[in-house]
Amino acid sequence: MSTKNDETQSAANLCLPELTADGSYTLYVPRLDEHYHSVKGALTESQHIFIDMGLKHSGASSPRILEIGLGTGLNAFLTLIAAEETQRKVCLFLISLDTFSLY
């Protein structure tokens, strides 16, 4: 018979932290043999794709952003930091249907 403690232990073992080339961490899911972010740099990847090539290129004064698949939350977190730093109002919609989301 499975207990609540067993379920918690199983969930904790689904993802393993892994150091990436830029010194930030990503999570590795052994069962799927997948990483949440690039092993070349989790922070670098998110900054480049979501902030430098996404948010900074939007001409909207109050962009609306849809994040599907929360994952580690890094992309959403960096977006909110960038919005705060530039004093830009951002409306961030989060939809997470991930099997391995960390919410």
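Me: What makes E2 and E3 a strand pair?
Reply: Two bridges join E2 to E3, and the two run antiparallel. Strands pair if DSSP finds at least two bridges between them, so E2 and E3 meet the criterion. Strands here are DSSP runs (E, at least two residues) and helices are DSSP runs (H or I, at least four), numbered from the N terminus. Within this pair, Val29 stands opposite Glu34 in E3. The model is predicted: local features need pLDDT of at least 70, side-chain atom pairs count only at pLDDT 80 or more, and totals for chains, interfaces and linings use all residues. Residues are numbered from 1 along each chain as its sequence is written, and side-chain values use heavy atoms, with hydrogens and water left out.

Me: How do you know that E1 and E2 pair, and in which sense?
Reply: Strand E1 (residues 16-19) and strand E2 (residues 25-29) share four bridges in the antiparallel sense. Leu19 stands opposite Tyr25 in E2.

Me: Why are E1 and E3 called edge strands?
Reply: The open sheet has three strands in the order E1-E2-E3, with antiparallel pairing. E1 and strand E3 (34-35) each pair on one side only.

Me: What is Gly23 called, buried, partly exposed or exposed?
Reply: Its relative accessible area is 47%. Buried means under 20%, exposed over 50%, and partly exposed in between (1.4 Å probe, protein chains only), so Gly23 is partly exposed. Gly23 lies in the loop between E1 and E2. That hairpin has five residues between the strands, and Gly23 takes a positive phi near 90° there. Gly23 and Leu43 are 20 residues apart in sequence and 8.5 Å apart in space, C-alpha to C-alpha.

Me: Why is the contact of Asp52 and Lys56 called a salt bridge?
Reply: The term requires a side-chain nitrogen of Lys or Arg within 4 Å of a carboxyl oxygen of Asp or Glu. The N to O distance between the side chains of Asp52 and Lys56 is 3.3 Å, so the pair qualifies. A search of the whole structure finds one salt bridge. Asp52 is partly exposed at 27% relative accessible area, whereas Lys56, at 58%, counts as exposed.

Me: How do you know where the buried residues of H2 lie around the axis?
Reply: In helix H2 (residues 42-52), Ala42, Ser46 and Ile51 are buried. They cover an arc of only 95° (taken from the directions from the helix axis to the C-beta atoms), so they are on the same side of H2.

Me: What do the buried residues of H2 pack against?
Reply: They pack against E2 and helix H3 (74-86), where contact means heavy atoms within 4.5 Å.
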